[in-house]
Amino acid sequence: MKAAVVRAFGEPLVIEERPDPEPGPGQIRVRLEASGLCHTDIHAARGDWPVRPSPPFVPGHEGVGLVEALGDGVTHLTLGQRVAMPWLGWACGRCEHCLSGWETLCEEQINTGYGCDGGYAEKMLARADFAQPVPDGIDPLDAAPLTCAGVTTYKALKVAAVRPGQLVAVSGVGGLGHLAVQYAKIAGATVAAIDVTDDKLDLAEGLGADLVIDARKEDPGEVLKRHGGAHAAIALAVNEEAFSSAYSGLRRGGKLVMVALPAHGTIPVPIFGTVLNGTSVIGSIVGTRQDLAEVFGLHAAGRTRVIRETRPLASVNDSIEDALAGRIKARIVFDLRQGS
Ligand code: NAD
Ligand code: ZN
Ligand code: ZN
């Protein structure tokens, strides 16, 4: 099987031929059909964050495919069943976080494409209990971006406790943001979408954003304030200034939900304003298996649209450059089906 491998941080990925991995107890082997390129994979390949993966590794946590082999003890999945392999590759199931519905905070978790090999490959292993069944009728090329971009933004809106009629700012309309706009609309919010490319601003409008803000031309914080301030701002742009600007556009009692992860990112949070205005700054990390089931359910019901372009895995290095330069539709999905 072929896999795109990070051999050293900051170096181009290398397409390698590898033997098919054998599933151990509790694991499955999946023949991948589709795999999305999340900006997190770029951070992983560059070693951007304080906790780094160990090269060589195969990135990718938006893999979707068909179960090809079952390890010992796996009884709830069947051969040929379609599953998705999200960032949360495994969690302990015993700690306070796992037991209270916050498995995404488990300190023992293993992350797909980071702590174990991921979906930039024709085949991969997964823990059966964390491979999410994909409902019939969802195109695997759509299921892939939903597996991270979808679940992460769906969860971020839950964390913000968005209610109908509230003003929600979505800062960054990329892979994550184009789905955030849609979940915010589903939640009944008025949506302000912020980006720095014409294509993404047009896309946001097409997806139902009520207000689009071009951060190259206007300060998003000021525009949001002119509209009364945001009840919630979802920070998805890989840019510290965009976080600060979104924070400054909150109304009293508003919440900044931090999702993007710029390398070494920090923002100054003014204590006086935060106290007097009763604002919150909250981190939000992916979503649980239940959140992903809900995301798939919404898509199967025709409530969301995944905007994507498909490419072969061999284009991985050019695709990363194009994603960084903003030269892509919302998400790149590698089409891994045989013969494609
Ligand atoms: P992306 O590159 O597809 O999207 C980023 C968008 O931000 C682009 O549309 C870009 O034009 C826009 N942008 C850039 N500068 C901007 C600015 N100053 N103001 C407004 N918009 C701006 O990336 P993505 O795949 O959507 O991921 C976004 C970030 O979220 C990454 O840092 C990724 O690692 C992180 N992420 C976090 C989680 C989590 O659980 N917290 C999960 C997935 C991804
Ligand atoms: Zn745990
Ligand atoms: Zn991701």
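I started with the helices: α3 passes α4 in a right-handed crossing. A crossing is right-handed if the near helix is turned clockwise from the far one by less than a right angle, and left-handed if anticlockwise. Helices here are DSSP runs (H or I, at least four residues), strands likewise (E, at least two), numbered from the N terminus.

A note on ground rules: this is a predicted model, where local features need pLDDT of at least 70 and side-chain atom pairs count only at pLDDT 80 or more. Residues are numbered from 1 along each chain, and ligands are numbered from 1 in the order in which they are written.

Next I looked up the geometry. Helix α3 (residues 140-159) and helix α4 (residues 175-186) pack at about 50°, axes 8 Å apart; the axes are lines fitted to C-alpha atoms over the stretch in contact, with angles from 0 to 180 degrees between N-to-C directions.

Then I checked who touches whom, with contact meaning heavy atoms within 4.5 Å. Among the α3 residues meeting α4 are Pro145, Leu146 and Tyr154, and the α4 side includes Leu176, Leu179 and Tyr183.

Last, I turned to the zinc ion (ligand 3). Its protein donors are Cys38 (SG), His61 (NE2) and Cys148 (SG), 2.0 to 2.3 Å from it; donors are N, O and S atoms within 2.8 Å of the metal (3.2 Å for Na, K and Ca). Cys38 sits in the loop between β3 (27-37) and α1 (39-46) and Cys148 in helix α3, so the pair ties together parts 110 residues apart in sequence. I found Cys38 buried at 3% relative accessible area (buried is under 20%, with a 1.4 Å probe and protein chains only). Cys148 also counts as buried, at 4%.

Notes:
Heavy atoms only, no water. Buried < 20%, exposed > 50% of the residue type's maximum accessible area, 1.4 Å probe, protein only.
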